[in-house]
Amino acid sequence: MFPLPSPSLSALRLSSSLRQLPVVVIAGLAQVGAGIATFLGAFSAAQVGYAVPGLALLFGHSLSALAMARMLKLPSWWLVIEFLFMPAVVAALSLQIPAGWFLAAFVAFSLVYWSTYRTRVPLYLSGRSVWRELENALPERPQARILDLGSGLGGPMLYLAKRRPDLRIEGVEAAPLPAAFSMLRAIGCRNLRFRWGSFWRHDLSQYDVVFAYLSPAAMPDLWQKVKAEMQPGSLFISHEFVVPGVEADEIVRTGLGDRARLYLWRL
Ligand SMILES: C[S@@+](CC[C@H](N)C(=O)[O-])C[C@H]1O[C@@H](n2cnc3c(N)ncnc32)[C@H](O)[C@@H]1O
């Protein structure tokens, strides 16, 4: 006879398998759970002859979604989204906006944020103070090759390409619209090239400097790739995000906040 799993053990297994799912799926589950809870509440009230007002139902749904999101341990900014999601849906429906606008917005957001639901690396841009420090960290050697992993709208590499025409500069970006936009910006810049694709499929061995501004979620696997592919003497630079458990060789401040830092690792 096999021992039956205890309820707490099953709950633990369920929560760790849920944690494997993409965060949007978990967020969707919280909304579905809240919908079921709200329906059951309204149904039970109707059984005793009480019709719950629409606003109370809406508020109840939002509170349940918040509770579910907490139970599922979603990051704090998702709690706000969970709470506001259903009121936003109701408000949008009551405005009677033609459905085509939602489709257009969905397509536009998809082209900009593309696989963010999976990579957990959204588009946000580094600023000039970062680009200046990045420039200071570049090798003096002409023809050195520089790569931006997840090059967004191309700002940092365009800045470097103009200041260091002696270098060969590239960016790789997965989201189609930012990739297309940066390719347009690079027209006429002979030492700069952007590609559309995933950096996970990009060989890092030919680059002297690899720059990344991604998210904490990407760093552990990226470090494995950097170690496996980058050549001795090359430089890996991350803005804002550290590699867990691997001390940087140098840290450069790029502004006033705690997170405004470049982390440099010499391979
Ligand atoms: C935080 S933004 C940084 C943009 C730019 N490097 C900058 O400093 O302004 C990160 C970018 O990485 C892109 N990205 C995420 N995962 C990627 C992947 N696997 N391959 C290529 N780009 C990726 C995202 O689409 C996003 O545009």
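Me: Are W223 and W265 buried or exposed?

Reply: Buried means under 20% relative accessible area, exposed over 50%, and partly exposed in between, using a 1.4 Å probe and protein chains only. W223 is buried, and W265 is too.

Me: What kind of model is this, and how are residues numbered?

Reply: This is a predicted model, in which local features need pLDDT of at least 70 and side-chain atom pairs count only at pLDDT 80 or more, while totals for chains, interfaces and linings use all residues. Residues are numbered from 1 along each chain as its sequence is written, and side-chain values use heavy atoms, with hydrogens and water left out.

Me: What is the average pLDDT of the protein?

Reply: pLDDT is the predictor's confidence in each residue, from 0 to 100. Where pLDDT is low, the predicted coordinates should not be read in detail. The protein averages 89, and 93% of the residues score at least 70. Helices (H or I, at least four residues) and strands (E, at least two) are DSSP runs, numbered from the N terminus.

Me: What is the order of the strands in the open sheet?

Reply: Strands of a sheet pair through backbone hydrogen bonds, either parallel or antiparallel. Here two strands pair if DSSP finds at least two bridges between them. The open sheet has seven strands in the order β3-β2-β1-β4-β5-β7-β6, and the pairing is mixed. β3 (192–196) and β6 (250–253) stand at the edges with a single partner strand each, so one side of each has no neighbour in the sheet. From one strand to the next, the twist averages 20°.

Me: In which sense do β4 and β5 pair?

Reply: Strand β4 (residues 209–212) and strand β5 (residues 235–239) pair in the parallel sense, over four bridges. V209 has L235 as its bridge partner in β5.

Me: Which strands does helix α10 touch?

Reply: Contact means heavy atoms within 4.5 Å. Axes are lines fitted to C-alpha atoms, for helices over the stretch in contact, and angles run from 0 to 180 degrees between N-to-C directions. Helix α10 (residues 219–229) packs on the sheet and touches β1 (145–149), β4, β5 and β7 (261–266), with its direction at about 165° to that of β5. Helix α9 (residues 176–185) lies across β2 (168–173) and β3, and runs at about 160° to β3.

Me: How many residues are in the largest nonpolar core?

Reply: In soluble globular proteins, nonpolar side chains tend to be buried together. A nonpolar core is a set of buried Ala, Val, Leu, Ile, Met, Phe, Trp, Tyr and Cys residues joined through side-chain atoms within 4.5 Å. The largest one here has 47 residues, and those with the most contacts inside it are L149, M157, L192, L222 and F236. Helix α8 (residues 155–163) supplies the largest share, five residues. A second, separate core has nine residues, including I26, A27, L74 and W78.

Me: How many residues of α8 are buried, and what covers them?

Reply: Seven of the nine residues of α8 are buried. The cover includes α7 (128–137), β1, β2, α9, β3 and β4. L192, in strand β3, is itself buried, with a relative accessible area of 7%. Leaving aside neighbours within four places in sequence, L192 is in contact with M157, L158, A161, I169 and A186.

Me: How are the rings of Y213 and F241 arranged?

Reply: A pair of aromatic rings is described by the distance of the centres and the angle of the planes. Rings of Phe, Tyr and Trp (its six-membered ring) pair if their centres lie within 6.5 Å; planes under 30 degrees apart count as stacked, over 60 as edge-to-face and the rest as tilted. A search of the whole structure finds twelve aromatic pairs. Y213 and F241 form a stacked one, 6.0 Å centre to centre with 20° between the planes. Y213 lies in the loop between β4 and α10 and F241 in the loop between β5 and β6, so the pair ties together parts 28 residues apart in sequence.

Me: Which residues are in a cluster with W223?

Reply: Ring pairs link W223, F236, Y263 and W265 into a cluster.
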